[in-house]
Amino acid sequence: MSDATENAPIAPAPTGDDDVIAKPGVLGSIKRFPFSIYPTLMLGLFFFIPFAIMIVISFAHRTTSTYEAGFEFTHYARFFSPLFTTHVWVSVQFAALASLLALVVAVPFTFFISRFRRKPQVVSLVFVLCVLTLSEVIVAYSLSVVLGRQSGLPALVQALELVDRAKSWYPSYWANLFGLSYFNVPFAVLILYPACTRLDRELTEAAQTLGASPVRTFFTIVLPLLEKTLLAAFILLFVFTMGAFVTPIWLGRPEDTMMAQLIADQALGRGNIPFAAALAVFFMLVTLALSLLTVWLRRSDKTGVAS
Amino acid sequence: MIKVAKIAFLTTIFSMFTAPLLIVAGVSLNAKKRMFFPPEGISMRWYPEIFEEAKWSAALGNSVTIAVCAGVLAVSIALPIAYFLWRHRVLYAKALFVAGLVPFALPPVITALGMLIFWSQAGYVGRVENIVLAHGVFLVTLPLVMISLGLESIDEELLEAARTMGADGKKLFTSVILPMVLPYMIAGYAFVLVLSMNEYIISFFLGQHVTITLPVQVLSSLRSGYTPVIAAVAVMFVLFAVVIFSLIARFGDLPKLLGAWSPKE
């Protein structure tokens, strides 16, 4: 190995500088570091091969009980059926609204905690992580307890004698939207956190010295600086929400069925694996395209928050 | 005025995220098999049931086994990739790194279906090890990013010094690099542990009603009617996350792990 590669600055993030990367062939690379065979095999065998199989099966022929080898576009043709278009449209609306609502809450919240002193900042981060990693099942369940008749807000409304007989507030459109947004907030905070810590304090301080109010500073200095980060965050949240499964099942109505439910229903409920695979392939392509867009956004953001 | 608004906003957000969990904790204390809040009669009897009732203890056992093994697997895949890219900046290492980022970027339902088809083709379904492998690969992104951060923070001069004193590649790795990235490996492991414990959809697809994990059991119990045991399980999940992340925060640099920028002198 040459000294140039040995002493190269380390920046393994996807935004790293491509020009310092050497380009020997695959075998040459593995020769430099034989242990790389293990991660190659694991990711290849248990991630990329299953995906390849899934793509092949999305073209397979469906028989009554299972499927057989074939090459047909029947399953992709079903994308034009109302079953598909309605639920994709429902998912897109929910995902867009829930991501937007989550950002509205998360942007000021993250901005504030990024300016906390270290100790309260760490405590807030622990808090956010705990809520973030909590299973969708647990969050949906907790919210259903809050929105339920026996224990939650409806019971409170009844106790205050605002209504005679309280009804449960879920399943409903709003319960689903609330659940999805709620579930998105901690994720949004973690996406925004690095950018918020990079915001130059001197800029906001300068604006305030010149007489701008904190609110005005926030809207004229902070938000424009975060513009691309916000767009990237919106896309990531959008993708994340599109994959929501338990929340729409538990808090939404049947007509609020989203993408992930549709795939699960086709694969497990109806045993139509090829159609489920076609849906997943479509979903995957959209996700990858959107993810590449966020990488590009972050890359072109070097002049903004980072400097 | 602004300060008051800020405090009011922060308090609202914090309480909005705490309140549902507190209500659930209240529900878990009901003396009778009811879901009242405030609870009617205080009792802790639902907590031991998680360990005593067969379906809950089996689910707990599965979840713990899967999480512990998936953590080991994820770190074992992440470490060589991160080290490879850090030590030898070659295109192939970069490709592996990106390959390690992909699973987490995709919605889990896609991974779940891909794995389901894979194991059905292999004629090997509903096994614990299927979920371990799926979680290990799906969550590899977290230790990968964290270990890379750890490697980045190693001072080049330190490595130079060790080399001057005659350390060869192997010695350098075991006595300098490994101890320095160990905290990051542990943090990555802990993140996988918590996320695997909480993961629903992959476990649901791959478990095939044979291997049932805790979140899967919670949803299926919810469908057959609420009981305070579910609330007790939810409380346990929260406590588990609180303990793990507090430990990471106590012994590690949490802001740095989450990508905070630290000014360099």
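User: Two residues are in contact if their C-beta atoms, placed from the backbone, lie within 7 Å. Which residues does A:Ile263 touch, not counting residues up to four places away in sequence?

Analyst: The structure is a predicted model. Leaving out residues up to four places away in sequence, the contacts of A:Ile263 come from both chains. They are A:Ala276, A:Leu279, A:Ala280, B:Val109 and B:Leu113.

User: Which residues of the largest nonpolar core touch the most other members?

Analyst: A nonpolar core joins buried residues such as Ala, Leu and Ile through C-beta atoms within 7 Å. The largest such core here has 184 residues. Those touching the most other members are A:Ala188, A:Ile263, A:Ala280 and B:Leu113.

User: Which helix gives the largest share of this core?

Analyst: Chain B contributes to the core from both of its domains, with at least three residues from each of domain 1 (1-43) and domain 2 (51-257). The largest share amounts to 17 residues, and its source is a helix of chain B, namely helix H3 (residues 54-87).

User: Why is helix H14 (residues 259-269) of chain A described as largely enclosed by the rest of the structure?

Analyst: A residue is buried if 20 or more other C-beta atoms lie within 10 Å of its own. In H14(A), the buried residues include A:Met259, A:Leu262, A:Ile263 and A:Ala267. The helix is therefore largely enclosed, since the buried count among its 11 residues is 8.

User: Which helices do the buried residues of H14(A) pack against?

Analyst: The partners belong to chain A as well as chain B. In chain A they are helix H5 (82-114), helix H12 (227-242), helix H13 (246-251) and helix H15 (273-299). In chain B they are helix H5 (108-122) and helix H10 (201-207).

User: Which residue with a positive phi follows H14(A)?

Analyst: Phi takes a positive value, near 65 degrees, at the residue in question. The residue that follows the helix is A:Gly271.

User: How many residues does the contact take from chain A and from chain B?

Analyst: On the side of chain A that touches chain B, helix H3 (residues 37-57) of chain A gives the most, with 13 residues. By class, this side of chain A has 60 nonpolar, 16 polar and 4 charged residues. The contact as a whole takes 79 residues from chain B, and from chain A it takes 80 residues.

User: How many helices and strands are there in chain A, and how many in chain B?

Analyst: Chain A contains 15 helices and 2 strands. Chain B reads α-α-α-α-α-α-α-α-α-α-α-α-α along its sequence. For chain B the count is 13 helices and 0 strands.

User: What percentage of the 265 residues in chain B do buried residues make up?

Analyst: The C-alpha atoms of chain B fill a box of roughly 70 × 65 × 30 Å along the principal axes. In chain A, buried residues make up 44% of 307 residues. Among the 265 residues of chain B, the buried part is 49%.

User: How many Å separate the centres of domain 1 and domain 2 of chain B?

Analyst: The assignment for chain B gives domain 1 (1-43) and domain 2 (51-257). Between them, 8 residues of domain 1 are in contact with 8 residues of domain 2. The residues on the domain 1 side divide into 5 nonpolar, 2 polar and 1 charged. Taken over C-alpha atoms, the centres are separated by 30 Å.

User: Which residues does a cis peptide bond join in chain A?

Analyst: Most peptide bonds are trans. A cis bond is found here with omega at about -5 degrees. A:Pro171 has its place in the loop between helix H8 (153-159) and helix H9 (173-198) of chain A. The joined residues are A:Tyr170 and A:Pro171.

User: Is B:His209 buried or exposed?

Analyst: B:His209 lies in the loop between H10 and H11 of chain B, and its phi is positive, about 60 degrees, although it is not a glycine. B:His209 has 10 other C-beta atoms within 10 Å, so it is exposed.

User: Does B:Gln208 count as buried or partly exposed?

Analyst: B:Gln208 is in the loop between H10 and helix H11 (214-223) of chain B. Phi of B:Gln208 is positive, near 50 degrees. Because it has 16 C-beta neighbours inside 10 Å, B:Gln208 counts as partly exposed.

Definitions and conventions:
Residues numbered from 1 in each chain as written. Chains lettered and ligands numbered in written order. Predicted model: local features only at pLDDT ≥ 70, side-chain atom pairs only at ≥ 80, totals over all residues. Helix = DSSP H or I, 4+ residues; strand = E, 2+ residues; numbered from the N terminus. Nonpolar A, V, L, I, M, F, W, Y, C, P; charged D, E, K, R; others polar. Buried ≥ 20, exposed ≤ 12 C-beta atoms within 10 Å, placed from the backbone. Domains from an automatic or database assignment.
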